Amino acid sequence: MNKRILTAALGATLVASVLASAQHEHFQDFKWRERQSDHFTLRASSTNHDPARKYAEKVWDECVRIMPGLEDDFTKNEFRTPGGAKGADTAPYRFTVYLVGTGHDYDKILEQQQNRSGWDANTLRACRMTRNYGDPQNRYTVYCKADPENTGGGGETDLTPSFVHGTATTILEGRGLTNNMPFWFTAGWGYYVEHRIFRLCRVHYVDFENYYKNNANAEIKRGGVLGPQDAWTNPLRKMCKKGIRETLDRISKAKILTITPNESGYMFALTYFLVSTNERIENYRKLIAKSRDGQAVTKELLLEIYGYEDDAALEEDWYEFMESRDFR
């Protein structure tokens with residue numbers, strides 16, 4: 001598995017696009033091979049349309065189940081960027097996925113993105129390391145299957161986990177009309193959608209293997225190891241029962257470059273808890289609605305909407321859920 005930092009129903013038939021698409025072209029001087037599904041436009045250069053061909057509508061199903069307002073965003077072309085721009089000239093709007101098979105193509109995309117977004121060297125370096133990124137305006141995701149250092153093709157990497165995780169988080173931010181949702185909220189949603197589709201969480205924001213190697217006495221060793229080959233629910237349940245827990249405050253302050261395996265796991269578990277019942281799903285939708293209204297999604301807003309007077313009250317129900325059979 002490629003460890004990485006990150007910034008799908010089969011029933012929908014994908015067909016080759018034969019008419020001019022209403023979707024905007026985001027990158028110049030490319031000859032894309034295009035396919036469309038009900039909710040996605042897939043554009044490929046020097047590669048095929050996998051994994052998006054198989055998993056794009058699966059991601060959609062998981063997102064729209066929790067965010068039913070996506071239907072109008074897409075079918076009625078009501079999607080808007082954080083700045084208020086449309087994503088398509090005419091209905092329906094489709095989320096665009098770009099897939100490239102050479103480092104040369106990826107470099108061209110990153111150059112255009114840098115010119116448009118004003119990215120600094122660190123952001124570009126991170127995008128090259130991860131081979132993927134989400135549009136700051138939430139209209140598309142980009143995936144480079146080849147080593148970006150290799151200007152030719154060949155040696156493609158399976159980016160299925162990154163596709164599912166990254167596309168889900170970008171759609172969430174699109175529904176929230178923002179490009180600045182907190183890390184715990186977006187990453188937690190990406191993990192949750194991964195788990196729903198694969199029963200695995202394979203996107204790691206840090207290299208867990210090296211973390212375990214360099215932290216031989218880390219508490220996580222006593223409760224279980226979070227890895228890419230097994231579901232996270234069982235080791236997390238064991239840790240929670242043993243009192244090896246992360247607090248709501250710590251999760252809400254987690255950072256990409258310093259996140260631990262425990263924090264990643266509890267971030268996933270928190271989102272699972274927040275959408276674990278119909279009542280909680282309604283509250284989750286209220287959080288997103290607040291974001292659409294321009295309000296930041298904070299820990300304090302979470303407590304207010306879910307009806308908890310303090311961290312400890314939410315943590316009591318959260319940990320109880322993690323120790324139950326519902327967390328599986």
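Tutor: Just after α9, G243 has a positive phi of about 80°. This is a predicted model, where local features need pLDDT of at least 70 and side-chain atom pairs pLDDT 80 or more, while totals for chains, interfaces and linings use all residues. Residues are numbered from 1 along each chain as its sequence is written, and side-chain values use heavy atoms, with hydrogens and water left out.

Student: What makes α9 a helix here, and which of its residues are buried?

Tutor: Helices are DSSP runs of H or I with at least four residues, strands are runs of E with at least two, and both are numbered from the N terminus. Helix α9 covers residues 233-241, and its buried residues are T233, P235, L236, R237, M239 and C240.

Student: Why is N77 called buried?

Tutor: Buried means under 20% relative accessible area, exposed means over 50%, and partly exposed is in between (1.4 Å probe, protein chains only). N77 comes out at 6%, so it's buried. Its place is the loop between α2 and β4, and its phi is near 55°, positive in a residue other than glycine.

Student: And why is D29 called exposed?

Tutor: Because its relative accessible area is 67%, against the cut-off just given. D29 is in the loop between β1 (15-16) and β2 (33-36), with another positive non-glycine phi, near 65°.

Student: How do you know that the side chains of H165 and Y205 make a polar contact?

Tutor: A polar contact is a pair of N or O atoms within 3.5 Å; within protein, one must be able to donate a hydrogen and the other to accept it, and residues adjacent in sequence count only if both atoms are side-chain atoms. The H165–Y205 pair is at 2.6 Å, so the distance passes. H165 is in helix α5 and is buried because its relative accessible area is 0%.

Student: What makes the largest nonpolar core a core?

Tutor: Buried Ala, Val, Leu, Ile, Met, Phe, Trp, Tyr and Cys residues joined through side-chain atoms within 4.5 Å form one. The largest has 80 residues, with W189, Y284 and W318 having the most contacts inside it. Helix α6 (residues 183-198) gives the most to this core, nine residues. A second, separate core of 15 residues includes W119, C127, Y133 and V142.

Student: What is W189 in contact with?

Tutor: Contact means heavy atoms within 4.5 Å. Leaving aside neighbours within four places in sequence, its partners include E62, I66, M67, L172 and Y284.

Student: What makes one space a cavity and another a pocket?

Tutor: On a 1 Å grid over the protein atoms alone, a cavity is a set of points where a 1.4 Å probe fits but cannot get out; a pocket is an open set with protein on both sides within 12 Å along at least five of seven lines, and lining residues have an atom within 4 Å of a point. The largest cavity has a volume of about 50 Å³, and the second largest pocket one of about 190 Å³.

Student: Which element gives the largest share of each lining?

Tutor: For the largest cavity it's α5, with four residues; for the second largest pocket it's α6, with three.

Note on methods. Grid points are joined across faces, edges and corners, and a volume is the space filled by probe spheres set on the points.
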